Amino acid sequence: PRNAARDDSGELRIAGVPVSELAAEFGTPAFILDEADFRSRCRDYLTAFGPHGIVHYASKAFLCTEVVRWVAEEGLSLDVSSGGELAVALRAGFPAKKIALHGNNKSETELRAAVDAGVGHIVLDSLIEIDRLDAIAGERGVVADVLVRVTVGVEAHTHEFISTAHEDQKFGFALAGGVAMEAIRRVFATDNLRLVGLHSHIGSQIFDMDGFELAAHRVLGLLHDVVDEFGVEKTSQMSVVDLGGGLGISYLPDEDPLPVDKVARRLADIVAREAVAVGLPVPTLAVEPGRAIAGPGTVTLYRVGTVKDVALDGGASRRYVSVDGGMSDNIRTVLYDAEYDVRLVSRVSDARAVVCRVVGKHCESGDIVVKDCWLPADLCPGDLIAVAATGAYCYSMSSRYNMTMRPPVVAVADGNARLLLRRETIDDFLSLEVSL
Ligand code: LLP
């Protein structure tokens, strides 16, 4: 987090609050969210993409009512990808007009909810969905604004599961083979849909500018084709070019994310230049950052429960540090081989550093939080350790495996701590039982 620092005793304080106080008040594990960090990243994006751009916060990264309010207050729009995310956003009072709905298999219920709420636009992902939404809008007597999601055929250099613009995956309409153009024709032919632009999302946790630039070129190339077929006037209604999310963050100290202002300038330049070249007005450039806004400002606070040295072949040993959470609050290590920075935060230690593996408390050996890290040799039960940059895709991908209660999410700001989501209880679990 931007507002984390050690105090004189060597204990970490986040937004001025000592981690030992947080652990005492809220227990461990706990997600500690630096509110000012989150808000400042919203502002960084807004500043970078300027008054003419649109920044949707991708709520799949992390969503709760208070976060919806922060996003609204900071002037961002919101991207939701399920009826659940949509419902939380609406109940928190987020303006429907500033919400975009995504998904490769939105249910009719989800589409109806979005149409009835009057969301800003819906991003179409299949021919079947074009007809489905056209029928729903017709049934409701409205014209729904839509984007067509284009698969631009760019290999983003990231983990296979979170890379989305190569051809052989489930999202969008391929540029290749004229599939995207076919979708555009289909939308133009409907009575109840208005095509307001194109969308592309090439993947997540990306450090390389080239993929974004290529995507921008290809989306604009498609707009050019639309001009050729339908003329400038008709094409001008497609005023939004949304290039999705995906900007990487540093999970480890030596990683070097792309500066958002540079990305914004490059992309805005490509979009403007290539649109004007084919006679179109300059489109609105939209983006959908999730991880880059929510990720860096949160740490997961765990308490060390056991420390065990395990002999390896060849005489070496590995130190296993068990904490009170694990794959239920952070599945990313297991799922993507994600790497994290972990530190002893409740005190300083002069002991030498030893190679450790931080593991959870779940019933499988793959339950690893941090695979290889250096921690002080005198680390012992009761110590607090913090894993950094867990604000995106940790809570939102959490589970109840082993009937583990989800940790609380605590916001810290100006020396105060405030509970956003309380810890789950056994009664939460049992409340789903119908045969008690
Ligand atoms: N827009 C669309 C259409 C997306 O599918 C996503 C992420 C985003 C925006 C936000 O991307 P971001 O800025 O956060 O990279 N669970 C994975 C990440 C999956 C991302 C899915 N879509 C992880 O933990 O790394």
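## Basis of the description

Helices (H or I, at least four residues) and strands (E, at least two) are DSSP runs, numbered from the N terminus. The model is predicted.

## Domains and their contact

The chain is divided into domain 1, made of 4-32 + 297-430, and domain 2, which covers 50-293. The C-alpha centres of domain 1 and domain 2 are 34 Å apart. Across the boundary, 15 residues of domain 1 are in contact with 15 residues of domain 2. On the domain 1 side that touches domain 2, β20 and β21 (416-421) each supply at least two residues. The residues of that side of domain 1 divide into 11 nonpolar, two polar and two charged.

The UniProt annotation "domain: Orn/DAP/Arg decarboxylase 2 C-terminal", from an unreviewed entry, covers residues 299-391. Over residues 299-391 the chain is 47% strand and 5% helix. The end C-alpha atoms of this stretch lie 7 Å apart.

## The shell around the ligand

Domain 1 and domain 2 both give residues to the shell around the ligand, so the ligand lies between them. There are 22 residues around the ligand, and those that come nearest are Ala58, Ser204, Gly245, Gly290 and Tyr393. By class, the shell divides into nine nonpolar, eight polar and five charged residues. Helices α10 and α11 (332-336) each supply at least two residues of the shell.

The "binding site" annotation of the unreviewed UniProt entry covers Gly246, Glu288, Pro289, Gly290, Arg291 and Tyr393.

## Arg291, Tyr393 and Gln205

Arg291 lies in helix α10, which spans residues 291-294. Arg291 has 26 other C-beta atoms within 10 Å, and 20 or more make a residue buried, so Arg291 is buried. Apart from neighbours within four places in sequence, Arg291 is in contact with Ala61, Ser204, Gln205, Ile249, Ala392 and Tyr393.

Tyr393 is placed in the loop between β19 (384-388) and β20 (409-413). Tyr393 counts as buried because it has 24 C-beta neighbours inside 10 Å. Residues up to four places away in sequence aside, Tyr393 touches Ala61, Arg291 and Arg332. Ala61 is thus in contact with both Arg291 and Tyr393.

Gln205, one of the contacts of Arg291, is found in the loop between β11 (193-199) and α8 (209-235). Gln205 is buried, with 26 other C-beta atoms within 10 Å. The phi of Gln205 is near 60°, a positive value in a residue other than glycine.

## Strand β19

Five of the five residues of β19 are buried, so the strand is largely enclosed by the rest of the structure. In a regular strand the side chains alternate between the two faces of the sheet. Both faces of β19 are covered, with Leu384, Ala386 and Ala388 buried on one side and Ile385 and Val387 buried on the other.

Strand β14 (residues 298-311) runs antiparallel to β19 and is joined to it by five bridges. In this pairing, Arg303 stands opposite Leu384. Strand β16 (residues 342-344) is also antiparallel to β19, with three bridges between them. Here the bridge partner of Leu344 is Ile385.

Strands β1, β2 and β3 form an open sheet of three strands in the order β1-β2-β3, with antiparallel pairing. β1 (4-6) and β3 (17-18) stand at the edges with a single partner strand each, so one side of each is left without a neighbour in the sheet. Two bridges join β2 (residues 12-14) to β3, and Ile14 stands opposite Val17 in β3.

Thr28 and Pro29 are joined by a cis peptide bond with omega of about -10°. Pro29 is in the loop between α1 (19-26) and β4 (30-34).

## Two further positions

Asp414 is found in the loop between β20 and β21. Asp414 is not a glycine, yet has a positive phi of about 50°. With 10 other C-beta atoms within 10 Å, Asp414 is exposed.

Glu274 lies in helix α9 (residues 260-277). Glu274 has 19 C-beta neighbours inside 10 Å and counts as partly exposed. Glu274 and His217 are 57 residues apart in sequence, and their C-alpha atoms are 7.8 Å apart in space.

How values were computed
Residues numbered from 1 in each chain as written. Predicted model: local features only at pLDDT ≥ 70, side-chain atom pairs only at ≥ 80, totals over all residues. UniProt positions renumbered as here; feature names shortened; annotations may be inferred. Buried ≥ 20, exposed ≤ 12 C-beta atoms within 10 Å, placed from the backbone. Contact = placed C-beta atoms within 7 Å. Pairing = 2+ DSSP bridges. Near = placed C-beta within 6 Å. Nonpolar A, V, L, I, M, F, W, Y, C, P; charged D, E, K, R; others polar. Domains from an automatic or database assignment.
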